[in-house]
Amino acid sequence: MTRQAIVAANWKMNGSLSLVKEMISGLKQVELASNVKVVVCPSFPYLAAYSNESTKQNLSNKFCLGAQNMSEQQNGAYTGEVSSEMLSELSVNYVILGHSERRSLYQETSNLIALKVAKALEDNLTPILCIGESEQERTAEKTEAVLASQIQPVIDEIGIEKFTEVVIAYEPVWAIGTGKTASPEMAQETHAFIRQYLANESDIVAQKVPLLYGGSVNEGNCEQLFAQTDIDGGLIGGASLKVEEFSVICSTA
Ligand code: PEP
């Protein structure tokens, strides 16, 4: 079956209003394969500008907007938080949840992330659920156990059927922002494990869920990574801040 392929840009706490305009102008020139969507995830303050600018510049609806985080709460006294409803109002369609930086720097647990995934789905946002092991965990051969411990709370919270509306981004922590990419074979092997883990609950669901690879993807290594059977695109950090390089990555998917 042809799965939805996705290339998502995680700008993290980078970017500017001028990058918003440059990125949209650049992406307008990109030819995408028919099953590919591109999701740009700038910081919260740039979401409205991105949304308005893409309408103004007539960016095709294959280019979507995503946020980098959201609250699991509906609304109320949660200073500094942003709700899924607010994101939906800005024409945001996707939200990155459980990025390793959120897990390690802000102590987000897999249980909290599962609540966020459920809330996102409630407000029609597609969660990009990030999972991945540390270098220490890989060396100790704990990769599969770690990934399972990050996926299972989400299955428990939303049920396996709803998982067809979730995108998973496998991002080995040791490959994020380090220039150390997992080899295509290693990435494929881990993606195959993730798909099998979902298939143990439902093969139909497992075949539908897009699995993205993230971790030092660039214009030089994306082709081989995207060619793997169970890799359906990428979550791109550093290289997504460079319009030309990101455009190459999008057209390679
Ligand atoms: C990320 O932060 O999600 C990421 C994959 O970063 P980079 O591409 O820079 O490794």
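**View 1. The annotated active site, His99 and Glu171.** In this predicted model, the unreviewed UniProt entry places the annotation "active site" on His99 and Glu171. These residues span 73 residues in sequence, yet no two of their C-alpha atoms are more than 8.4 Å apart, so they gather at one spot.

**View 2. A closer look at His99.** Look for His99 in the loop between β4 (94–97) and α4 (100–105). Is His99 buried or exposed? His99 is buried, because 28 other C-beta atoms lie within 10 Å, and the cut-off for being buried is 20 or more.

**View 3. Glu171 and its contacts.** Glu171 sits in the loop between β6 (167–170) and α8 (184–199). Glu171 also counts as buried, with 26 C-beta neighbours inside 10 Å. Leaving out residues up to four places away in sequence, Glu171 touches Ser100, Cys130, Gly132, Ile176, Gly214, Gly215 and Leu235.

**View 4. Around the ligand.** Here you can find the 13 residues that surround the ligand, the closest being Asn10, Gly177, Gly214, Gly237 and Gly238. The shell is made up of five nonpolar, seven polar and one charged residue.

**View 5. Val95 in the largest nonpolar core.** This core holds 73 residues, and Val95 is among those that touch the most other members, along with Ala8, Ile128, Leu129 and Ile168. Beyond residues up to four places away in sequence, the contacts of Val95 include Gly66, Met70, Leu87 and Ile128.

**View 6. The buried side of helix α11.** Which residues of α11 (243–252) are buried? They are Phe246, Ile249 and Cys250. These residues cover an arc of only 100° around the axis, which puts them on the same side of α11. Their packing partners are β1 (5–10), β2 (36–41), α10 (222–226) and β8 (233–236).

Key
Residues numbered from 1 in each chain as written. Predicted model: local features only at pLDDT ≥ 70, side-chain atom pairs only at ≥ 80, totals over all residues. Near = placed C-beta within 6 Å. Nonpolar A, V, L, I, M, F, W, Y, C, P; charged D, E, K, R; others polar. Buried ≥ 20, exposed ≤ 12 C-beta atoms within 10 Å, placed from the backbone. Helix = DSSP H or I, 4+ residues; strand = E, 2+ residues; numbered from the N terminus. Arc of directions from axis to C-beta. Contact = placed C-beta atoms within 7 Å. Core = buried A, V, L, I, M, F, W, Y, C linked by C-beta atoms within 7 Å. UniProt positions renumbered as here; feature names shortened; annotations may be inferred.
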